[in-house]
Amino acid sequence: MDNLSSVISKIRRRHAKKVLLHFPAGYGPKALEIAKEIEKAAEVVIWAPPCYGACDIPFYAAKILGIRLIVSFGHSGIRYKYKIPVIFVEPRVEAELENLPMVPGKKIGLISTIQYIHLLDKAKKIIRSQKKRPFIGKHGPLSTYDGQITGCEFRAAKSIEKDVDAFLLLAEGDFHPKGLANAVDKPLYAFEPITETFEKVGKTSDKKINFLHEKNVFGIMVSIKPGQINLKAAEAIVAGLEKAGKQAVIFAADTFTPDLLNYSAVEVLITTACPRVRDDYEMFGKPVLTAAEVLKELPNLKKK
Ligand code: SF4
């Protein structure tokens with residue numbers, strides 16, 4: 001994990017004259033302070049759109065700008081085949097976990113998002129002190145550490161699901177807990193280490209998937225972000241919908257905003273990019289389904 005001084009040393013070691021800085025939303029004035037520090041080692045350009053995750057590295061922009069090194073803040077890394085190297089500056093949030101509640105069951109799968117991943121060892125000891133057995137699963141390709149999940153990749157949980165009675169997730173907000181709850185069939189408990197909020201998280205059943213049967217015109221969103229592009233899924237969805245006598249069109253973009261998708265004839269959007277887009281349905285003014293839920297439901301679609 002890199003802090004700012006090690007980032008500066010790495011920039012110097014690579015003799016990078018110009019670097020592209022990439023921040024998640026919410027960095028605010030901190031981004032400018034960081035840029036000022038990094039300017040001691042290299043010329044700085046800040047990539048203006050807020051970054052979603054490590055899935056969203058602006059390689060093509062760096063290429064056009066003649067930049068040979070990207071520094072991305074707020075996420076852990078993904079291995080890319082692109083030639084422009086990326087330094088990922090991972091976030092960490094300190095917490096004591098002294099009030100970590102007891103989770104029902106004897107065998108507990110421990111999961112975390114990146115900012116609390118360093119607390120899993122502490123959580124493991126606490127679980128053992130409760131006379132329970134902790135399990136930590138192998139991470140998937142979008143994650144860096146065992147036990148880590150992202151909002152769209154849950155391999156660290158799936159890989160131990162058969163071994164555990166329940167999962168305990170360290171995370172904040174409800175995006176990761178909701179995503180994980182929908183991906184696993186064992187009970188899931190989420191603990192927010194800073195606020196010490198603890199809750200059992202159930203599967204989401206908002207019945208939006210019924211739109212797949214009821215509506216006729218679909219827009220399939222394909223992102224060109226290097227870690228989000230999923231054209232294969234989009235093409236499979238188009239084929240499945242057309243077979244059922246529906247109209248389906250692929251829309252490609254970097255980031256989807258309502259003005260890009262202002263095609264009134266489209267009744268339902270399907271995201272093959274970040275599943276977080278599904279939560280923005282109010283912004284789009286149309287229902288948004290995820291590729292995963294649509295692919296699961298397609299075999300049940302009857303021809304009109
Ligand atoms: S949920 Fe997946 S696609 Fe969305 S930002 Fe996180 S890693 Fe990227």
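A crossing of two helices is right-handed if the near helix is turned clockwise from the far one by less than a right angle, and left-handed if anticlockwise. Helices here are DSSP runs of H or I with at least four residues, strands are E runs of at least two, and both are numbered from the N terminus. The model is predicted: local features need pLDDT of at least 70, side-chain atom pairs count only at pLDDT 80 or more, and totals for chains, interfaces and linings use all residues. Residues are numbered from 1 along each chain as its sequence is written.

Start with the helices. α1 (residues 4-13) passes α2 in a right-handed crossing. The axes of α1 and α2 (residues 29-38) come within 10 Å and cross at roughly 40 degrees. Axes are lines fitted to C-alpha atoms, for helices over the stretch in contact, with angles from 0 to 180 degrees between N-to-C directions. L4, I8 and I11 of α1 meet I34, E37 and I38 of α2, where contact means C-beta atoms, placed from the backbone, within 7 Å.

Now the sheet. Four strands form an open, parallel sheet in the order β11-β10-β12-β13. Strands pair if DSSP finds at least two bridges between them. β11 (247-253) and β13 (288-290) are the edge strands, each with a single partner, so one side of each has no neighbour in the sheet. From one strand to the next, the twist averages 30 degrees. Strand β12 (residues 268-271) is joined to β13 by three bridges. T271 has T290 in β13 as its bridge partner.

Notes:
Two residues are in contact if their C-beta atoms, placed from the backbone, lie within 7 Å.
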